[in-house]
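Subject: Structure handover

Hello,

Here is the structure we spoke about. Please open it alongside these notes, which cover what was found.

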Amino acid sequence: MAMPVLLFLLAPIVIAAIVGLVLYEQKRVRERQEALSALSRRVGFAFSPEKDTSVDDRFRHFSVFRKGFSRVATNTMRGAVSVNGERHPVIMGDYRYRQREGSGKSRRTVTYRLSYLIVQLPRPG
């Protein structure tokens with residue numbers, strides 16, 4: 001009899017904790033987007049918080065963009081910087097991909113997150 005009462009009392013606590021974690025994560029993501037948007041405006045870059053699944057194809061010559069599955073970029077900033085008096089395109093943002101690791105009962109999916117910065121410099125000619 002004590003077990004059902006205990007579960008009845010613990011269930012709302014567990015549910016509240018899960019909801020709290022979800023809300024905290026959403027707040028953290030929103031704050032990061034706001035900070036990056038403000039930084040973009042300050043340096044004259046365009047900003048998009050939207051998911052971009054084309055980054056892995058456009059930059060496939062970098063091995064990290066070919067790893068795993070569910071590859072997506074977010075919080076993308078685009079603009080240009082001056083290098084030796086010449087303007088060069090810049091793209092930067094957050095990138096995430098997933099990879100399966102282990103085998104058998106130890107098999108799991110791991111999510112990798114990173115930030116990237118790519119400056120397109122002229123090719124020596």
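Asp 56 is buried: its relative accessible area is 13%, and the cut-off for buried is under 20%. Keep in mind that this is a predicted model. Asp 56 sits in helix 2, which spans residues 55–58. Its side chain makes a polar contact of 2.7 Å with the side chain of Arg 71. Beyond its neighbours within four places in sequence, Asp 56 touches Phe 65, Arg 71 and Tyr 95. Arg 71 is therefore both a contact of Asp 56 and its polar partner.

Asp 94 is buried, with a relative accessible area of 13%. Which side chains make polar contacts with the side chain of Asp 94? One is Arg 32, at 2.7 Å. Another is Asn 75, at 2.8 Å. With neighbours within four places in sequence set aside, the contacts of Asp 94 are Arg 32, Leu 36, Val 72, Ala 73, Thr 74, Asn 75, Leu 114, Ser 115 and Tyr 116.

Now the aromatics. The count comes to six aromatic pairs. One of them joins Phe 65 and Tyr 95. Their ring centres are 4.7 Å apart and the planes stand at 70 degrees, an edge-to-face pair.

Tyr 97 and Tyr 112 make another pair. Their ring centres are 5.2 Å apart and their planes meet at 20 degrees, so the pair is stacked; the limit for stacking is under 30 degrees. This pair also links distant parts of the chain: Tyr 97 is in strand 3 and Tyr 112 is in strand 4 (residues 108–119), 15 residues apart. Are the two partners buried or exposed? Tyr 97 is buried, with a relative accessible area of 6%. Tyr 112 counts as partly exposed, because its relative accessibility is 30%.

These rings belong to one aromatic cluster. Its members are Phe 59, Phe 62, Phe 65, Tyr 95, Tyr 97, Tyr 112 and Tyr 116. Tyr 116 has come up already, as a contact of Asp 94.

Next, a histidine. His 88 lies in strand 3. It is buried, with a relative accessible area of 6%. Where does its side chain find a polar atom of the backbone? The backbone oxygen of Gln 120 lies 3.4 Å from a polar atom of the His 88 side chain. Gln 120 is also among the residues in contact with His 88 once neighbours within four places in sequence are left aside. As for His 61, its C-alpha atom is 19 Å from that of His 88, and the two residues are 27 apart along the chain.

Last, the surface. Leu 6, Leu 10, Ile 13, Val 14, Ile 18 and Val 22 form a nonpolar patch there. Together they have about 520 Å² of accessible area. Ile 18, one of these residues, lies in helix 1, residues 2–43.

Best wishes

Note on methods
Residues are numbered from 1 along each chain as its sequence is written. This is a predicted model: local features need pLDDT of at least 70, side-chain atom pairs count only at pLDDT 80 or more; totals for chains, interfaces and linings use all residues. Side-chain values use heavy atoms; hydrogens and water are left out. Helices (H or I, at least four residues) and strands (E, at least two) are DSSP runs, numbered from the N terminus. Buried means under 20% relative accessible area, exposed over 50%, partly exposed in between (1.4 Å probe, protein chains only). A polar contact is a pair of N or O atoms within 3.5 Å; within protein, one must be able to donate a hydrogen and the other to accept it, and residues adjacent in sequence count only if both atoms are side-chain atoms. Contact means heavy atoms within 4.5 Å. Patches are made of residues with over 30% relative accessible area and no salt bridge: like charges are joined within 9 Å, nonpolar side chains (Val, Leu, Ile, Met, Phe, Trp, Tyr) within 5 Å. Accessible areas come from the Shrake-Rupley method with a 1.4 Å probe; for residues, only the protein chains shown count as cover. A salt bridge is a side-chain nitrogen of Lys or Arg within 4 Å of a carboxyl oxygen of Asp or Glu. Rings of Phe, Tyr and Trp (its six-membered ring) pair if their centres lie within 6.5 Å; planes under 30 degrees apart count as stacked, over 60 as edge-to-face and the rest as tilted.
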